[in-house]
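Please consider the sequence and the model together.

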Amino acid sequence: MGGRSTEREISLKSGKAVLNALQEMGYHANAVDVDSDVCQVLLRECIEMAFIALHGGCGENGSLQGMLEILGIPYTGSGVLASALAMDKEASKKIFRYHQIPVPPSVVIHRGKTSGLPEEFDFPVVVKPTTEGSSVGVTIVRDRQNYTKSLDKAFSFGKRVIVEKFIEGKEIHVGILNGIVLGGVEVRPSLEFYNYEAKYTPGLTEYILPPEMGSEAYGWVKDVALSAHCALGCSGATRVDLRVDLAGRPYVLEVNTIPGMTETSLLPKIAGLAGYDFPGLIEEIIKGCLDEKK
């Protein structure tokens with residue numbers, strides 16, 4: 001948990017929640033705040049399995065997973081390639097399009113190159129870094145006046161930025177555990193959108209479980225979410241973020257391979273609807289890791 005990414009504080013909260021649950025169930029669990037000496041720490045502590053609650057950066061882009069592979073330590077969640085693909089929104093969108101999984105129309109802009117909005121795009125648009133989570137650096141731009149400013153903000157997090165058509169409608173998040181869809185939640189933030197503040201400040205977002213939509217449309221959303229999870233080769237627990245337009249059509253935004261485990265996080269809420277309390281969810285994630293090892 002922890003680490004050096006922009007999501008460090010949230011990762012610490014997730015890690016502490018997981019640690020408490022593991023210890024309450026009788027597991028011999030230690031907290032590892034990831035730094036440059038993480039390899040030595042894991043070897044010194046004789047870690048038999050790693051439960052990854054390291055959001056963003058090396059925790060989600062496949063780097064930590066690759067190190068654990070070399071050390072021969074089993075770990076929860078997706079593997080090296082799936083993690084890397086899911087973390088990179090440009091790469092994951094290419095995979096989704098190849099598998100005919102619906103995504104919002106988008107373009108990738110590279111720092112230092114032309115930054116004009118494509119002619120076929122109308123406002124509003126969403127501007128986001130390609131490799132950040134928790135909505136860090138994301139802006140909904142509703143007019144040309146604020147477009148350049150939003151690009152500068154996103155470029156402060158990396159060399160590539162995605163400009164995506166904003167889909168009017170509902171925001172739905174679907175939880176998947178060991179290849180099975182647990183269900184979904186509709187989020188209704190009191191702020192402009194479900195940004196970092198709305199995600200992690202209690203009281204700023206209303207959560208609708210299950211989402212308020214017809215059974216056929218809900219089934220479509222869950223099927224598309226599972227297709228996105230499988231297309232990237234994900235395993236363990238993931239959360240798939242989607243927008244559902246006014247006609248009920250779902251569009252995949254991203255797949256989160258290390259979903260949050262804080263008191264306001266969505267996956268534990270979804271799992272609760274499916275009958276799992278928090279310790280039960282943690283134990284199922286561990287069982288999935290053991291099955292992968294077999």
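**Strand pairing, helix packing and buried side chains**

V107 stands opposite V163 in β4. The model is a predicted one, in which local features need pLDDT of at least 70 and side-chain atom pairs count only at pLDDT 80 or more, while totals for chains, interfaces and linings use all residues. Residues are numbered from 1 along each chain as its sequence is written, and side-chain values use heavy atoms, with hydrogens and water left out.

Strand β1 (residues 106–110) is joined to β4 by five bridges, and the two run antiparallel. Strands (E, at least two residues) and helices (H or I, at least four residues) are DSSP runs, numbered from the N terminus, and two strands pair if DSSP finds at least two bridges between them. Strands of a sheet pair through backbone hydrogen bonds, either parallel or antiparallel. Strand β4 (residues 160–165) also pairs with β2, in the antiparallel sense and over five bridges. Within that pairing, V125 stands opposite K165, and V126 has E164 as its bridge partner. A further antiparallel pairing, over three bridges, links β2 with strand β3 (residues 139–141); here V126 stands opposite I140.

How many residues of strand β2 are buried? Five of the five residues of this strand (residues 125–129) are buried, so β2 is largely enclosed by the rest of the structure. Buried means under 20% relative accessible area, exposed over 50%, and partly exposed in between, with a 1.4 Å probe and protein chains only. Both faces of β2 are covered, with V125, V127 and P129 buried on one side and V126 and K128 buried on the other.

Another group of strands follows later in the sequence. Five strands form an open sheet in the order β7-β6-β5-β8-β9, with antiparallel pairing. At the edges stand β7 (205–208) and β9 (250–256); each has a single partner strand, so one side of each is left without a neighbour in the sheet. Neighbouring strands of this sheet are turned by 30° against each other on average, direction ignored. The pairing of β6 with β7 is antiparallel and extends over four bridges, and in it P189 stands opposite T205 of β7. Helix α10 (residues 266–273) packs on the sheet, where it touches β5 (169–177), β6, β7 and β8 (237–245), and its direction makes about 120° with that of β6. Axes are lines fitted to C-alpha atoms, for helices over the stretch in contact, and angles run from 0 to 180 degrees between N-to-C directions.

The buried residues of α10 are L266, L267, P268, I270 and A271. These buried residues pack against β5, β6, β7, β8 and α11 (278–293), contact meaning heavy atoms within 4.5 Å. Just after α10, G275 takes a positive phi of about 100°.

E186 lies in strand β6 (residues 180–189). Is this residue buried or exposed? E186 counts as buried because its relative accessibility is 3%. Its side chain forms a polar contact of 2.9 Å with the side chain of R188, and it reaches the backbone nitrogen of E212 at 3.0 Å. A polar contact is a pair of N or O atoms within 3.5 Å; within protein, one must be able to donate a hydrogen and the other to accept it, and residues adjacent in sequence count only if both atoms are side-chain atoms. Leaving aside neighbours within four places in sequence, the residues in contact with E186 include K170, I172, Y207 and P211.

S78 is buried, with a relative accessible area of 1%. The side chain of S78 reaches the backbone nitrogen of S235 at 3.0 Å. Apart from neighbours within four places in sequence, S78 is in contact with Q65, S83, C234, S235, T238 and T257.

Helix α5 (residues 80–87) packs with helix α6 (residues 89–98) at an angle of about 105°, their axes being 5 Å apart. That makes α5 roughly perpendicular to α6, a label for angles of 65 to 115 degrees, whereas those under 35 count as roughly parallel, those over 145 as roughly antiparallel and the rest as oblique. The contact is made by L85, A86 and M87 of α5 and by K89, A91, S92 and I95 of α6.
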